Structures are given as C-alpha cells and as structure tokens.
Amino acid sequence: MADFSSVINAVPPVTRTLLISTAAVTFPCLLGIVSPASVALIWPRILRRYEVWRPLTSFFFGGSGFPLLYDFFLIYRNSSAMEKDVYLNNTAEYAWLHLMLGLFILTFNSLIGLPFLFRPLLHAQTYIWCRANPTLKVSIFGLLTIPTSLYPPALILLDLLTGGPMKAMGGILGLLSGHLWWFISTYLPLHAPTHLRRPNPLAPPLRFRQLFRRNTPDRSAGFGAYRPESRTTAAAANDPAAAVRHRWGGGQRLGGSSL
C-alpha cells in the first residue's frame, strides 16, 4: 500500500488530479453504477434542473476499451512531462492552463454540442506539448514517423477514420483551443512583431496563484520561460542545469516508442 501511495504521489499534482478525475467519472459508468448520460454535457439539464456538475464531468468521461487505456497512458506520460519540464512544477500556471482550455472548449462546443469533452481536452493538451517540443519526432503505431508539428492533425485524421466526423470534430475543438491559448499567451507576448506584442492577458491572477503557494516555485514557468537558444547556451556555462531544463527538443517521443 505504501508503494502504491508513493507511485501516486510521484505524479505531479495537476496530472494526478486529471487521472483521478478521469477514473472517478469513467469507471463507475463502465461498471454500470452511473449512466454516461448523467455526466454528459446537456445544457437543458444544467439550466432547468441545476445539474451543475455536467460541465465538469463531461471532461472526464473517457469512453471504454483500448482507446481509454491508451488515452489514460497519454495523460500520465505527456502531461507529467509537460508539468515537470515545461511548466517546471508550477502548479498554479499548469492548473490555470487547463481551466482556460476548458473554457475555450466549452465556448467552441456551444456551436457543435458534443456531449463529452474528454478528447478535446486531450487534443488541446497534446497540441501544447507539441508546441513545446517542436524538434521531436513521433512514431505512429511504429509505422510512420512524423514531426510533432504534424502530430495534432494526424491524430484528428485517425479520429476521423476510427470514429467518424463527430469524433474528429472533438479533435478540431481541442486543436483550436490549444492554438488559441498558445497564440494569446505565447506568440503575442514573445514572438509577434515588436509593434504587435502585448502582455499575456491569460496569466493566472494573483489570488489564484496564492491558492497553490505551497506547490508553486518562485520562478517563471510555461512558455513564458522560453529562452532563445543563444541565451540558453550562454547560461549553461554558469548553470549546467539551465541547458537541460530548456532543451525540450531532446526529450522522449510523445507517448513513448510508438502509438
């Protein structure tokens, strides 16, 4: 029991919350204890019967079968890596990222009406991971190796082939939400032409940061912590760990050795 507890505690807090929430919503549905319809996003039930849990639970019903196991693994593997290596264990910023992604997905989904938003969130998370690791290559089922820039659309194509247009639409929602976050929080403040650059309006509010004071290190994290290669190289002379900490292109392939 102690070993199991240590394994759980070794997972970063936001990723651990995502995994536990997915298990808590999905497994009772698979066991027949709860109907998937009771956790789906159905706005008339929310507005008329005040079933206010639905906007939250709709993000954590992951389906069934092998796709569920694989998606569960992806969350564990890739979200852990992003929380540790990109967001540098900054719980406040990584939690805020997911809150904003959820808000974007809900907004876009108001035009489509998908009942479950697990895959859009997974696609959004994957898109941001790919943005943070632009030099990596991803192996799809061990048959095809592609750069991470092509991985999000490749996942959408796979969704189209395996689940039809509505499943692919969920992937598109996630891609749009992830890109919107990246564009506003990273591109405009850091990479846009100088006259177009703006402060990041999506930074976590101070009060939100204070909720995670114990788990939030006193250093910048996320895409705002990116350094140009020249600065990273120069810093490595004085701080060897700095080169490793920001050398995201040298990590593992997304999802392990194959998909």
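**Overall architecture**

The model is predicted, and every value below was computed from it. The chain contains 12 helices and 2 strands, and from the N terminus on its elements follow the order α-α-α-α-α-α-α-β-β-α-α-α-α-α. Of the 259 residues in the chain, 44% are buried. Among the contacts with a separation of 6 or more, 68% are between residues 24 or more positions apart. The accessible surface of the chain amounts to about 14,100 Å², and carbon and sulfur atoms account for 65% of this surface.

**Packing of α7 against α8**

Helix α7, which spans residues 118–132, and helix α8, which spans residues 151–163, have axes that come within 9 Å and cross at roughly 155°. Because angles over 145 degrees count as roughly antiparallel, α7 and α8 are described as roughly antiparallel to each other. On the α7 side the contact involves R119, H123, T126, Y127 and C130, which meet Y151, P152, L155, I156 and D159 of α8. The residues of this contact divide into 6 nonpolar, 2 polar and 2 charged.

One of the α8 residues in this contact is D159, which is buried, with a relative accessible area of 4%. When neighbours within four places in sequence are left aside, D159 is in contact with R119 and H123, and also with G164, K167 and A168. D159 and R119 are 40 residues apart in sequence, while their C-alpha atoms are 9.8 Å apart in space.

**Buried charged residues elsewhere**

R54 is found in helix α4, which covers residues 54–57, and its relative accessible area of 2% places R54 among the buried residues, because buried means under 20%. The side chain of R54 reaches the backbone oxygen of A37 at 2.7 Å. Beyond its neighbours within four places in sequence, R54 is in contact with A37, S38, V39, A40, L41, I42, R45 and I46. V39 lies 15 residues from R54 in sequence, with a C-alpha to C-alpha distance of 5.4 Å.

E93 is found in helix α6, which covers residues 91–109, and E93 is buried, with a relative accessible area of 15%. The side chain of E93 is joined to the side chain of R209 by a polar contact of 3.2 Å.

**Two loop residues with positive phi**

Most residues other than glycine have a negative phi. Y50, in the loop between α3 (43–49) and α4, has a phi near 60°, a positive value in a residue other than glycine. N89, in the loop between α5 (65–86) and α6, likewise has a positive phi near 60° and is a residue other than glycine. Y50 is exposed, whereas N89 is partly exposed.

**Accessibility of the residues discussed**

The table collects the relative accessible areas of the residues treated individually.

| Residue | Relative accessible area | Class |
|---|---|---|
| R54 | 2% | buried |
| D159 | 4% | buried |
| E93 | 15% | buried |
| N89 | 35% | partly exposed |
| Y50 | 62% | exposed |

Key. Residues are numbered from 1 along each chain as its sequence is written. This is a predicted model: local features need pLDDT of at least 70, side-chain atom pairs count only at pLDDT 80 or more; totals for chains, interfaces and linings use all residues. Side-chain values use heavy atoms; hydrogens and water are left out. Helices (H or I, at least four residues) and strands (E, at least two) are DSSP runs, numbered from the N terminus. Buried means under 20% relative accessible area, exposed over 50%, partly exposed in between (1.4 Å probe, protein chains only). Contact means heavy atoms within 4.5 Å. A polar contact is a pair of N or O atoms within 3.5 Å; within protein, one must be able to donate a hydrogen and the other to accept it, and residues adjacent in sequence count only if both atoms are side-chain atoms. Accessible areas come from the Shrake-Rupley method with a 1.4 Å probe; for residues, only the protein chains shown count as cover. Axes are lines fitted to C-alpha atoms, for helices over the stretch in contact, and angles run from 0 to 180 degrees between N-to-C directions. Angles under 35 degrees count as roughly parallel, over 145 as roughly antiparallel, 65 to 115 as roughly perpendicular and the rest as oblique. Ala, Val, Leu, Ile, Met, Phe, Trp, Tyr, Cys and Pro count as nonpolar, Asp, Glu, Lys and Arg as charged, and the others, Gly among them, as polar.
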